[in-house]
Amino acid sequence: MDSQNPPRQCLMVIFGASGDLTKRKLIPALFDLYARGQLPEKFAILGVSRTAFTDNEYRQKVHEFSPQTYADKEQWKSFADHLHYHAGDSTKLEAFAGIKQHISQVAEAHGTGENVVYYLSMAPQFFEPTILNIGASEMVTEGRRYCSINREKPPWQRIVVEKPFGSDPASAAHLNDVLASVFDEEEIYRIDHYLGKELVQNLMVLRFANTIFEPIWNRSYLDHVQITASETVGVESRGAYYDGPTGGAMRDMVQSHLLQVLAVMAMEPPVSLDAEDVRTEKIKIFKAMRVPSYDEVPELAVRGQYGAGQLGDQAIESYRETQGVNPQSQTDTYTAMRMFVDTWRWGGVPFYLRSGKAMTKKSTQIVLYFKPTPHVLFRQLAHQHKANQIVINVQPDEGIRIRFEGKVPGHGMHVKDVEMEFDYEQQWNAKPPDGYATLLYDCIRGDQTLFKHRDEIECAWKAVQPVLDYWKANPQEDLPNYAAGTWGPEAADSLLAQDNRYWHNPE
Ligand SMILES: NC(=O)c1ccc[n+]([C@@H]2O[C@H](COP(=O)([O-])OP(=O)(O)OC[C@H]3O[C@@H](n4cnc5c(N)ncnc54)[C@H](OP(=O)(O)O)[C@@H]3O)[C@@H](O)[C@H]2O)c1
């Protein structure tokens, strides 16, 4: 996390250039960085996918997708000069002679030298052949070779890998091995856009730049922690993908994003903000995540699937009626889980994670519930007292709220919960940058802090795999079990109720 380290010249090669993620997130993020002057002067993008486009056709396609993003004509024109396209099938080795030649041409035209970021923005079944073809075509030439002319700053080739990263522990480990056969771990950037979100990064600042929070951030003071990621939309046009082997809320959200948020929330203070030190502490949390036994699964995990419902004026069709979805699908569009992190700091503190589609409100939120006071002085109101809470709104309405008890004005000792709030937009008079812009900037600068290490991914899979195995072997009869537009199945409420707790539904 070295903010002093400026980005150096480089070329970004995006495999999957005509796809949704590239148009919707990657190019807009790069444009945003360009407009802010945060890209190196010598920078270019080469998009690769199979569909044939000329450079101009590709630029037009990108522009048409979101004209409002590129509304500043001058800015767009000068940015578009850096945008190039190559038609090719990256799963075919023979396509790489042309790709390699095109890379050299663009690099020469823009003076980007040998520094290259390869970005895999394509379906996961294409990751392995593309990585192996990059290796076989000798497109990772220098890496960290010590005999470079300038030893201080040797050229580099990095790779960014999108999610899903495997679909179980074995496939994730295999993909890691494939990557390691071509790239050093220091050049592998496993992206998770949740880690690019301002409030997730702010968690580290909240904890480690203040003295008032860290002393109470442990089992002595915290009763439990809730992490929620809810969406209002259903699967929309992505039914076939979501109903496939890498879909479902547990794989798509909990295993990847929510466990990352948990790790940042739970890690010990790192000795520095260097990527290695931060990731070392996160890895310890991943290793300490309790892996449930198969038999424990029904006690600690809930699977949900939405049926038809209503959100405001909008009718949402049942998941099983969505195009591309198996009408008898067992896929979890909702998952809730109780987890434990077996460390000195967190022993016995439950972490409740939940994520769902077609829910009442879109929100990603972390809520820390504190224990009651050791002695209840305000006895007459004891039953009304709410736990002290720290609520971290990761998105939207980014900010942090602290809820505590205060005295109601007037005679008598009446107590009521009150809030102190830090609202990101109000405070900084700005919207937080998109997570992709932050992460692309870090990758170009060579900062891996906000990217996942292979151990994090493999441990995260191990932590959820027993649940996935149990669900696969035990189809659930009551699906769909929640109506679209609600907060999920009753069983998820029971999961907390049996511990005498309840979900904090974002307001
Ligand atoms: N979309 C999102 O919001 C989102 C969010 C988070 C993560 N992701 C991840 O990002 C990746 C891309 O998702 P997406 O939604 O952009 O997928 P997509 O819309 O299906 O795009 C896939 C891209 O890959 C290209 N492609 C397919 N086969 C190829 C081949 N053999 N050689 C070269 N290019 C090939 C396709 O273009 P041609 O058909 O022209 O080759 C297309 O440009 C996936 O791993 C996804 O899980 C997506």
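Which polar backbone atom is 2.8 Å from an oxygen atom of the ligand? That of Leu21.

## Basis

This is a predicted model, where local features need pLDDT of at least 70, side-chain atom pairs count only at pLDDT 80 or more, and totals for chains, interfaces and linings use all residues. Residues are numbered from 1 along each chain as its sequence is written, and side-chain values use heavy atoms, without hydrogens and water.

## Ligand site

Polar contacts are pairs of N or O atoms within 3.5 Å. An N or O atom in the side chain of Arg50 is 2.7 Å from a ligand oxygen. A ligand nitrogen lies 3.0 Å from a backbone N or O atom of Ser90. The protein buries 82% of the 890 Å² that the ligand exposes alone (Shrake-Rupley method, 1.4 Å probe).

Around the ligand are 23 residues (a heavy atom within 4 Å). Ser18, Asp20, Arg24, Thr51 and Asp89 come nearest. The shell holds seven nonpolar, nine polar and seven charged residues, with Gly counted as polar. H1 gives the most, three residues.

## Sheet and helix

Six strands form an open sheet in the order S3-S2-S1-S4-S5-S6, with parallel pairing. Strands are DSSP runs of E, at least two residues; helices are runs of H or I, at least four. Pairing takes at least two DSSP bridges. S3 (83-87) and S6 (188-190) are the edge strands. The twist averages 20° from one strand to the next.

Five bridges join S2 (residues 43-49) to S3. Ser49 has Ala87 of S3 as its bridge partner. Helix H1 (residues 20-35) packs on the sheet and touches S1 (10-15), S2, S3 and S4 (116-120); contact means heavy atoms within 4.5 Å. The direction of H1 makes about 170° with that of S1 (axes fitted to C-alpha atoms, for helices over the stretch in contact; angles from 0 to 180 degrees between N-to-C directions).

How values were computed:
A polar contact is a pair of N or O atoms within 3.5 Å; within protein, one must be able to donate a hydrogen and the other to accept it, and residues adjacent in sequence count only if both atoms are side-chain atoms.
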